[in-house]
Amino acid sequence: MSDLFSSREAEAAIARIEQQVAEAQVRAAQAQQVQADIDAVRTTATAPRREVAVTVDATGRLVGIRLADAAYELRPDALERLIVDTAGAAQRLAGEQALEISRAAFGADSAIVERLAGEIERQSPPSAPMGFRV
């Protein structure tokens, strides 16, 4: 009676499984690095006349606001709008950076990149007026 697998077939199966495990470990390490790189993203946008600068992380969470003296000369409603517009510009830039990190790691056609691009598109505020600085 012959074995279901010859020793050669068993060795080949083990080698394939070991290769798959090694590839999965590399992908997991790569995914962890991408996550760390995205977590480190901080983007600052500055209003056209530099009254306001807003810094956000890759998720768009506000991490800092700088108001120049000129900001205090604005009407409150104008300052509010300027802060919101500047934050929106920073959020779009941070999303683009996160997307670029993902594209570099996984390729532009990756399902992960497509999903991230969709999330960024859904969460991004409308485009801010021209003139915002990075």
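Modeller: Happy to. Let me begin with a term: contact here means heavy atoms within 4.5 Å. Helices (H or I, at least four residues) and strands (E, at least two) are DSSP runs, numbered from the N terminus. This is a predicted model, in which local features need pLDDT of at least 70 and side-chain atom pairs count only at pLDDT 80 or more, while totals for chains, interfaces and linings use all residues. Residues are numbered from 1 along each chain as its sequence is written, and side-chain values use heavy atoms, with hydrogens and water left out.

For orientation, the chain has 3 helices and 3 strands, following the pattern α-β-β-β-α-α along the sequence.

Now to the pair itself. Two packed helices are described by the angle between their axes and the distance between the axes. Helix α2 spans residues 76-106 and helix α3 residues 111-123; their axes come within 9 Å and cross at roughly 175 degrees. Axes are lines fitted to C-alpha atoms, for helices over the stretch in contact, with angles from 0 to 180 degrees between N-to-C directions. That crossing makes α2 roughly antiparallel to α3 (angles over 145 degrees count as roughly antiparallel). From α2, the contact is made by Gly95, Ala98, Leu99, Ser102, Arg103 and Phe106; α3 brings Ile112, Val113, Leu116, Ala117 and Ile120. These contact residues divide into 8 nonpolar, 2 polar and 1 charged, where Ala, Val, Leu, Ile, Met, Phe, Trp, Tyr, Cys and Pro count as nonpolar, Asp, Glu, Lys and Arg as charged, and the others, Gly among them, as polar.

Let us stay with α3. Its 13 residues reach 18 Å from first C-alpha to last, close to the 18 Å expected at 1.5 Å a residue; the expected span is 1.5 Å times one less than the number of residues. Val113, Leu116 and Ile120 of α3 are buried, meaning under 20% relative accessible area, with exposed over 50% and partly exposed in between (1.4 Å probe, protein chains only). Seen down the axis of α3, the buried residues fall within an arc of 65 degrees, so they line one face of the helix; the arc is that of the directions from the helix axis to the C-beta atoms. The buried residues of α3 pack against α2. On the other side of α3, Ala111, Glu114, Arg115, Glu121 and Arg122 are exposed.

Terms used. Angles under 35 degrees count as roughly parallel, over 145 as roughly antiparallel, 65 to 115 as roughly perpendicular and the rest as oblique.
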